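Please look through the assembly shown below before reading on.

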Amino acid sequence: MNLWAKRLAWGFLVVLTVAAIVAPWLPVVDYRVMDADARLLPPGSAGHVLGTDAQGRDLLARLLFGARISLLVGAVGTLVAMLIGLPYGAVAGLRGGRVDRFLMRLADALESVPMVVMVLFLLSVLREYRVEMEVIGFGRLQLFLVAIGFLFWLPTARVARAESLRISRLPFVTAARLQGMSTFAQLRRHILPNLWPTLRVMWLLTIPRVILMEAFLSFLGLGVEAPAVSWGGLASDGLAAMNPLVASWWLLALPSAALVLTLLALQQVGRGEDSAV
Amino acid sequence: MNARLLRRALMLVATILLVHAAAFFLMRTTRGGPFDEARALDPQVKLALEQRYGLDEPLAVQYWHALTGLWQGDFGPSLRYREVSVADLLADALPVSFAVGGGALLWGLLFGIPLGMVAAGARRRLLGQSATTLATVLLALPNFVLAGAAIALFSFALGWLPPAGTGGLAHLFLPSLCLGLPLAAQISLLVRDAASERWQSAGVRHARALGLSGQRLWWAHILKPSLTPVLAFLGPATAAVLTGSLVIERIFALPGLGTFFVEAALNRDYTLALGVTVVYTALLGLATFFADVLLMKLDPRVEALS
Amino acid sequence: MQHEHSPPKVEATSPPRYPPTVRPRCLLALLLLFLAAASCGPPRAALTVANGPDLDTLDPQLARSSAAQRASRALFAGLTRLNTQDLGLLPDLALSWTAEDEGRLWRFELRPGLRWSDGQALTAQDVVASWQRLQDPATAAPYASWVAGAKFAAPSPTEVQILFPEPQPLFPLLCSHPALAPVPPALRDSVLGTLPNPLPSSGPFQLLERRLRDRLRLLRNPHYWRADQVPSESLDLLTIDSDITALNLFLTEGVAFAPKTPDLALPRLVEQQDARLHQSAELGTVFLRFQQRDAPFDDFDLRRALLLGTDRNALATLVGHGRPAAAGFVPRSMPAWTGPAWPSAELTQARAALERVRQRHQGALPRIELLYPSTAGNRLLVEALAALWKQDLGLEVRLMNVEARTFYPAQSALEYQVSLSSWVADYPHALSFLDIFRSHDANNRSGFADAGYDELLALAASTLDEQERQHALQRAEEILRDQAVLLPLLEQRRQELVSPRLGGWHDNALGIIDWAALEWREAP
């Protein structure tokens with residue numbers, strides 16, 4: 001039963017990723033086009049399978065293009081987090097002693113900084129009007145991805161440290177160290193390759209948190225630049241649409257369903273590796 | 001033990017100072033000040049305003065004032081609410097945030113622990129699986145979606161509870177619930193993992209072999225030890241509550257710390273933003289500290305392990 | 001930055017030491033704390049209204065936001081007031097006024113026996129001292145320019161004189177604004193940035209209590225000159241950020257009035273012809289500002305192409321939310337105004353103009369960036385604009401959003417190409433709009449400078465002949481149109497929710513509320 005669930009989850013993720021990648025070439029309506037005659041159509045309407053929003057924009061198209069952003073932010077943001085956390089933790093675990101203590105104290109200190117300060121950072125620095133680095137293609141979106149990565153590197157660092165600690169105690173690594181192998185070489189040859197399985201799981205489990213963080217930031221108005229959309233942004237717009245007079249439930253329910261299904265699939269795939277059920 | 005606690009206390013103070021400084025300079029480096037509006041102010045008027053609030057002094061001097069003010073607990077006047085001091089605003093906001101945040105933690109425990117127990121006890125049966133699935137789904141939902149669904153159900157459809165605002169217990173019910181349910185989910189997963197591990201441990205098997213069963217078994221040997229990870233989670237739980245409150249307070253229109261923080265950051269109300277940041281850092285630090293103290297008293301082995 | 005701890009792995013063979021009743025006790029304590037902290041709301045006032053967000057100050061001379069101005073009108077009376085039905089000028093604290101010396105010298109005769117809410121006499125000296133405070137740069141009042149360079153005198157306790165260097169024919173109209181209302185001695189004497197407690201007032205209500213971010217509790221002021229005509233004995237002004245929250249409160253009769261209707265509830269309310277929705281003109285326009293000093297919008301053809309190529313009606317349908325397409329810069333709802341006709345979507349001419357621009361740039365259009373302040377409403381509007389331009393003109397535009405506080409300095413420093421702007425009138429006259437495009441006006445922010453325009457405006461500001469003023473202003477707006485200085489988009493609409501049980505209510509284009517006349521009735 002569990003294997004079946006895991007296969008289903010993988011299948012869903014693969015289909016979703018492929019659909020997101022080829023979305024610009026799929027025969028769907030442009031997600032930005034507004035149609036005054038097709039406003040607030042419920043799902044199942046002619047020409048708009050999943051309905052439309054208050055400006056007549058097709059929800060299926062918006063969900064597809066939202067997938068691009070949400071998945072991109074999830075995958076790349078997590079990657080950035082791991083690129084920061086992995087070396088940090090691996091070095092701490094490998095070197096041990098004072099280096100380890102210092103690095104972990106620093107991590108503890110950073111951990112006690114409330115997330116809101118990071119939000120403040122995002123509010124302040126990232127939203128500067130002119131981003132000078134744009135000329136080399138490093139625009140707002142890229143900066144956003146890096147910033148998101150910065151929010152999530154700590155868990156990776158801790159896991160990397162624990163694993164690195166364990167691996168570095170193994171006989172063959174101890175032997176290599178005694179033979180004078182440098183830290184860098186130890187990392188490259190022994191630690192990092194053995195870290196791979198744990199990290200893969202870590203990656204899969206962190207992506208949902210990153211996607212949820214993007215949804216949170218979108219709600220606060222700090223999400224991606226218009227006209228790009230993300231699932232979090234769509235859900236947040238759907239929430240704003242809620243009121244007792246007009247029931248356009250699909251605007252909130254469908255993006256939320258997309259989020260939940262994807263995150264559940266990611267958790268299933270990630271946990272499936274080590275769950276002892 | 002005392003040395004460790006003292007060190008933690010000092011770290012907390014250092015963190016607050018560091019965060020204060022970082023937030024101060026971060027806010028100042030960005031463009032736009034508290035007096036930039038759609039209607040341009042007369043330059044003389046703008047200068048007079050800046051002089052009144054000390055914004056025309058060199059940055060280092062301003063930082064010094066902020067620092068000495070912090071020491072005395074005086075954050076200065078709000079730059080946006082002209083006649084009000086930041087301390088007053090914080091004093092108004094704290095009870096609301098405490099009520100909602102405290103309520104959220106309460107819901108987290110009230111729902112999370114039993115749910116985790118069910119998930120652990122009936123692990124291979126449908127009941128346990130459903131409990132785990134429920135927890136997982138709750139963790140996959142952004143909290144504003146949860147809030148939206150709750151409002152749609154309890155306010156619009158059933159009409160039992162007010163959709164927003166302040167005014168009494170009924171107004172705090174939904175916000176604290178929506179903030180607390182994701183916590184409950186995480187707590188339930190922690191409890192489930194710890195409880196099922198305990199269930200399989202040597203000590204419990206031994207106790208069962210001796211004829212101990214039912215409530216006493218659960219209470220003494222499974223539930224209490226399972227609470228250790230829950231306590232350890234108190235720090236991160238507080239952090240989650242603080243972050244989540246930004247969204248929940250906005251949806252339910254509650255005048256708590258989160259609302260003030262977002263507003264202050266957007267309006268460049270430097271003093272208020274700094275004040276809320278310091279309070280947040282202090283709250284988080286205190287919660288973690290408190291959790292650590294409890295953990296150490298609960299289980300001296302934790303201290304020995306670290 | 002926080003994360004989840006993994007549970008510390010402990011192997012227990014004996015039960016832990018704390019007493020087993022700790023947990024239930026802790027929970028009980030938490031529960032009690034929760035209940036204690038839950039604040040119970042104060043008893044209901046006779047009249048409760050939603051006052052929108054951000055009431056930043058109670059000082060009428062510093063009040064800028066509409067919420068603050070509404071509160072100021074409840075607390076402080078001016079020398080004159082506006083009739084809420086037709087925005088005509090009525091006496092308030094002043095009985096009568098006359099002009100001399102071509103409108104440079106104004107004399108106001110105050111009513112006899114005026115008092116502040118604490119019983120102290122309200123005299124001409126109070127008025128003079130208040131206006132001096134307004135003028136003082138240290139006060140940093142936003143409307144200080146209204147009394148710039150003026151000299152004041154109070155020859156008798158009931159006569160106020162004000163002498164301007166230049167003629168100010170519209171001054172009595174300005175006196176109805178809270179900025180020119182007299183402020184009490186206690187406020188004048190208090191340190192700037194603090195409010196005296198209690199706060200004496202001259203208007204229909206006085207301040208009882210201010211609960212921050214929650215509400216203002218007001219009581220009827222027995223010393224108001226027409227206090228006997230004020231039906232409500234207490235008034236609550238609630239601070240509510242979200243219009244949906246306000247709507248929900250309104251529907252459950254928690255508030256009698258809400259200043260704004262959420263966009264998504266509008267179509268249903270309109271369709272049902274719900275009498276509670278009051279749509280009235282608001283003297284405001286949403287428009288695009290072109291930065292004309294630098295490329296690319298120093299090119300007249302590009303500006304004209306956009307001006308001709310924007311289908312304002314389509315925009316109004318999609319994202320107007322009740323706001324009609326703008327017919328010009330000064331809104332049609334401006335009393336006694338007939339403006340020149342601006343062109344509507346003429347796509348062939350627009351495309352031709354774009355073609356000329358394209359040829360000037362070696363076959364490709366310059367990259368266009370649209371800067372806008374971040375709010376959800378603005379985002380929709382610019383998304384619609386971008387979609388329309390793509391569809392009608394084949395023009396791609398890059399959208400850039402910044403926070404409001406970053407936006408305005410960027411706009412003032414002319415660091416943008418085209419930006420989303422809006423302007424709302426301070427007083428019901430076309431001059432309040434056209435004024436801003438004078439060459440060196442601080443609100444110009446577009447690099448537009450035209451000597452002919454400035455002359456027309458100088459004439460309009462100084463002449464005593466209303467006809468001449470209107471002609472000059474019309475010619476001024478023609479210049480704005482012919483040179484494509486800006487792109488008007490939508491006229492702002494006030495969409496207020498007014499309960500049928502609220503008596504004494506009149507809609508008007510400035511959204512002025514006569515608090516002294518409002519009454520919460522038992523039945524509609």
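What follows is a description of selected features of this predicted model.

**Chain B**

The secondary structure of chain B consists of 13 helices and zero strands, and its C-alpha trace spans about 85 × 55 × 30 Å along the principal axes. Of the 306 residues in chain B, 55% are buried, and of the contacts between residues at least 6 apart in sequence, 73% join residues at least 24 apart. The mean pLDDT of chain B is 83, with 93% of the residues scoring at least 70.

**The contact between chains A and B**

Chain B contributes 34 residues to the contact and chain A contributes 33 residues. On the side of chain B that touches chain A, the elements giving two or more residues are α1 (2-29), α5 (126-140), α6 (143-157), α10 (234-251), α11 (257-267) and α12 (270-298) of chain B, and α12(B) gives the most, with seven residues. By residue class, this side of chain B divides into 24 nonpolar, nine polar and one charged.

**Nonpolar cores**

The largest nonpolar core has 250 residues, and those with the most contacts inside it are Phe261(B), Ala273(B), Ala50(C) and Val255(C). Helix α2 (residues 59-95) of chain A gives the most to this core, with 18 residues. Once its neighbours within four places in sequence are left aside, Val255(C) is in contact with Thr48(C), Val49(C), Ala50(C), Leu238(C), Ala246(C), Leu249(C) and Phe250(C). Another core, of 72 residues, lies apart from the largest one, and its members include Ala384(C), Leu388(C), Ala410(C) and Trp423(C).

**The sheet of chain C**

In chain C, six strands form an open sheet of mixed pairing, in the order β11-β16-β12-β15-β13-β14. Because β11 (257-258) and β14 (397-402) of chain C stand at the edges and each has a single partner strand, one side of each is left without a neighbour in the sheet. Strands β13 (residues 368-373) and β15 (residues 418-424) of chain C run parallel and are joined by two bridges, and Leu370(C) stands opposite Val418(C) in β15(C). Helix α11 (residues 376-393) of chain C lies across β13, β14 and β15 of chain C, and this helix runs at about 170° to β14(C).

Key
Residues are numbered from 1 along each chain as its sequence is written. Chains are lettered from A and ligands numbered from 1 in the order in which they are written. This is a predicted model: local features need pLDDT of at least 70, side-chain atom pairs count only at pLDDT 80 or more; totals for chains, interfaces and linings use all residues. Two residues are in contact if their C-beta atoms, placed from the backbone, lie within 7 Å. Helices (H or I, at least four residues) and strands (E, at least two) are DSSP runs, numbered from the N terminus. Ala, Val, Leu, Ile, Met, Phe, Trp, Tyr, Cys and Pro count as nonpolar, Asp, Glu, Lys and Arg as charged, and the others, Gly among them, as polar. A nonpolar core is a set of buried Ala, Val, Leu, Ile, Met, Phe, Trp, Tyr and Cys residues joined through C-beta atoms within 7 Å. A residue is buried if 20 or more other C-beta atoms lie within 10 Å of its own, exposed if 12 or fewer, and partly exposed in between; C-beta atoms are placed from the backbone. pLDDT is the predictor's confidence in each residue, from 0 to 100. Two strands pair if DSSP finds at least two bridges between them. Axes are lines fitted to C-alpha atoms, for helices over the stretch in contact, and angles run from 0 to 180 degrees between N-to-C directions.
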